[in-house]
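Please keep the sequence and the model in view while reading.

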Amino acid sequence: EQEITKATQALEQLQSQLATLADSLSQQYGKNISDIFNGHSLLLDDAELLESIKQQIISQHRTAAEAIMSVFADMSQQYQQLDDTYLQARYIDIDDLKNQLLLLLSATNPLNPALTEPTILLADNLGPLELMRYKDTPVVGIALSNGSPYSHTCIIAAKMGLPMLVNL
């Protein structure tokens, strides 16, 4: 019960954060960008998602974190196997949501470097929520070893005026 409560609270907390973020981004970047985060919130509100996490906790005796990692890893893999490259890129969103939920469960604040000079962000991959941590920083570009030009991260970066290279 305690692990189910933890998972449920993390899902609800992230939904709330996404709704707040979507509202704030609507005026700054437009409805299309805020709709990305509203969509993420709707995904987290899915009863089947919560049921899958509960089943992992109950039947496989997993912690909330283990259940979330397992369920979201399966979803990510399903997206990566799609034929449509646009839909395939949604695995990045799924991985990002998983990472945010795990941060909430661990009560850890993500570490962001204190950037004071124009910076090009180098990373393996970057999710939309992770990108938002850099919106008021001197990041002037992004280079990723993975990613997709069809990802929501690329769409948001373009709207923010940040050049972004993927699959380097």
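The axes of helix α1 (residues 2-29) and helix α3 (residues 47-59) approach to within 10 Å and cross at roughly 155 degrees. Axes here are lines fitted to C-alpha atoms, for helices over the stretch in contact, and angles run from 0 to 180 degrees between N-to-C directions. Helices are DSSP runs (H or I, at least four residues) numbered from the N terminus. The crossing angle therefore makes α1 roughly antiparallel to α3, a term for angles over 145 degrees. The model is a predicted one, in which local features need pLDDT of at least 70 and side-chain atom pairs count only at pLDDT 80 or more, whereas totals for chains, interfaces and linings use all residues. Residues are numbered from 1 along each chain as its sequence is written, and side-chain values use heavy atoms, with hydrogens and water left out.

The crossing of α1 and α3 is right-handed, that is, the near helix is turned clockwise from the far one by less than a right angle. From α1, the residues E3, I4, A7, T8 and L11 meet L49, L50, I53, K54, I57 and I58 of α3, where contact means heavy atoms within 4.5 Å. This contact of α1 with α3 comprises eight nonpolar, one polar and two charged residues. In this classification Ala, Val, Leu, Ile, Met, Phe, Trp, Tyr, Cys and Pro are nonpolar, Asp, Glu, Lys and Arg are charged, and the others, Gly among them, are polar.

Helix α6 takes part in two further pairings. With α4 (residues 64-80), helix α6 (residues 91-106) has an axis approach within 8 Å and a crossing angle of roughly 175 degrees, which means that α4 is roughly antiparallel to α6. The α4 side of the contact includes I68, M69, F72 and M75, and the α6 side includes I94, L97, L101 and L105. By class, the contact of α4 with α6 has 13 nonpolar, two polar and two charged residues.

How do the axes of α2 and α6 cross? Those of α2 (residues 31-44) and α6 come within 11 Å, at roughly 65 degrees, so the two helices are roughly perpendicular (65 to 115 degrees). Their crossing is right-handed. H40, L43 and L44 of α2 touch D93, I94, L97 and L101 of α6.

Turning to the rings, the structure holds zero aromatic pairs, a pair being Phe, Tyr or Trp rings (for Trp, the six-membered ring) with centres within 6.5 Å. R90, however, lies over the face of Y86, at 4.2 Å from the ring centre; this requires CZ of Arg, or NZ of Lys, within 6 Å of the ring centre and within 35 degrees of the ring normal.

Definitions and conventions. Parallel < 35°, antiparallel > 145°, perpendicular 65-115°, else oblique. Phe/Tyr/Trp six-rings, centres within 6.5 Å; stacked < 30°, edge-to-face > 60°.
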